[in-house]
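Colleague: I have a structure that I would like to go through with you. Could you take my questions one at a time?

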Amino acid sequence: MTISPDFSAAATTVTAALAAYLLLGEPWLGRRAYGSLARRRDTEPRALVRYFTFVLALWWAFAAVAFAALLLSPAVSAADFGLTMPERPGYAVAIVLIIGAAAVASGRNFRDLAAQGKNVPGMAAIEAMLPRTTEERRLATAVAVTDGICAELVYRGLLIAFGVGALGLDLYAAAALSVLVYAVAGYYQGRQGVLVFGIFGAVLTGLYLATGSLLVPVAVHVILSLRDLMLPAPDVLRGAPAA
């Protein structure tokens, strides 16, 4: 994979501002917002709806900045942001199908573990976000899809291109920097969240570099986000046997 983006001064400015926020502001805002949700989840019926609405608005605002950077730089192509078909479509489809099958299998296993009252890996870190009503499930689906699309566009597409085109970094150095910025976004889940986000970000970045397209990491990200956010909330499971 090779990219050669040439950022304009305006695009450099807006992207630098977004990158600074993602590195320094987003970890603290995310932790504060999630902490507030966790405290209000059982006492305010629409707490999760408001949280998901805020998350959706924030993600699409970030995506708008990415598109603005692209439009403000005539010498930057959509392919420099990964907005192109994979270099080897058959290979890309195979990756998505394998990961999709694994996600379905692990999702069923997670639900079985939760139904039996056993520990589900990672569930405690996102428990407040698990939907309990039809409206919440619809919003959770929208958030999972939005997260997959916008996070890949911003963290993989925009930041790697920015590292190469504006900071003058080697492609792999820019990719490593984008993984670091993505990792700190997991701070809302604590130190373990930073580690998990770092590993997840490294895998998605590897898929991007291997295929030359954001389509594969987007598909994988959406699949795994849907698996996680579609887990039944603990209180629903506790009520299931009685029902």
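Colleague: At what angle do helix α5 and helix α8 pack, and how far apart are their axes?

Modeller: Please note at the outset that this is a predicted model, in which local features need pLDDT of at least 70, side-chain atom pairs count only at pLDDT 80 or more, and totals for chains, interfaces and linings use all residues. Residues are numbered from 1 along each chain as its sequence is written, and side-chain values use heavy atoms, with hydrogens and water left out. Helix α5 (residues 134–165) and helix α8 (residues 215–229) pack at an angle of about 145°, and their axes are 8 Å apart. The axes are lines fitted to C-alpha atoms, for helices over the stretch in contact, and angles run from 0 to 180 degrees between N-to-C directions. Helices (H or I, at least four residues) and strands (E, at least two) are DSSP runs, numbered from the N terminus.

Colleague: Why give both an angle and a distance?

Modeller: Two packed helices are described by the angle between their axes and the distance between the axes.

Colleague: Which residues of α5 and α8 meet?

Modeller: On the α5 side they include Ala140, Val143, Ala144, Glu152 and Arg156. On the α8 side they include Pro217, Val218, His221 and Leu229. The residues of this contact divide into 11 nonpolar, 4 polar and 3 charged. Here Ala, Val, Leu, Ile, Met, Phe, Trp, Tyr, Cys and Pro count as nonpolar, Asp, Glu, Lys and Arg as charged, and the others, Gly among them, as polar.

Colleague: Let us look at glutamate 152. Is it buried or exposed?

Modeller: Glutamate 152 counts as buried, because its relative accessibility is 0%. Buried means under 20% relative accessible area, exposed over 50%, and partly exposed in between (1.4 Å probe, protein chains only). Glutamate 152 has its place in helix α5.

Colleague: What is glutamate 152 in contact with, leaving aside its neighbours within four places in sequence?

Modeller: With those neighbours left aside, glutamate 152 is in contact with Asp147, Gly157, Leu204, Leu214, Pro217, Val218 and His221. Contact means heavy atoms within 4.5 Å.

Colleague: And leucine 229, where is it found?

Modeller: Leucine 229 is found in helix α8. At 9% relative accessibility, leucine 229 counts as buried. Beyond its neighbours within four places in sequence, leucine 229 is in contact with Met129, Leu130, Pro131, Ala140, Val143 and Ala144.

Colleague: Where does methionine 129 lie?

Modeller: Methionine 129 lies in the loop between α4 (123–126) and α5. Methionine 129 counts as buried, at 9% relative accessibility. Apart from neighbours within four places in sequence, its contacts include Tyr34, Phe52, Tyr188 and Leu229. Methionine 129 and alanine 140 are 11 residues apart in sequence and 8.1 Å apart in space, C-alpha to C-alpha.

Colleague: A change of topic: is alanine 79 buried or partly exposed?

Modeller: Alanine 79 is partly exposed, with a relative accessible area of 37%. It lies in the loop between α2 (47–71) and α3 (89–115). Leaving aside its neighbours within four places in sequence, alanine 79 is in contact with Ile3 and Thr84.

Colleague: Now the whole protein. How many helices and strands does it have?

Modeller: The protein has 9 helices and 0 strands. Its C-alpha trace spans about 60 × 40 × 30 Å along the principal axes. Buried residues make up 47% of the 243 residues. Among contacts with a separation of 6 or more, 77% are accounted for by residues 24 or more positions apart.

Colleague: What is the mean pLDDT of the protein?

Modeller: The mean pLDDT is 92, and 96% of the residues reach 70 or more. The pLDDT is the predictor's confidence in each residue, from 0 to 100. Over residues 237–243 the pLDDT is below 50, and this stretch has 3 contacts in the model beyond near neighbours in sequence. Where pLDDT is low, the predicted coordinates should not be read in detail.
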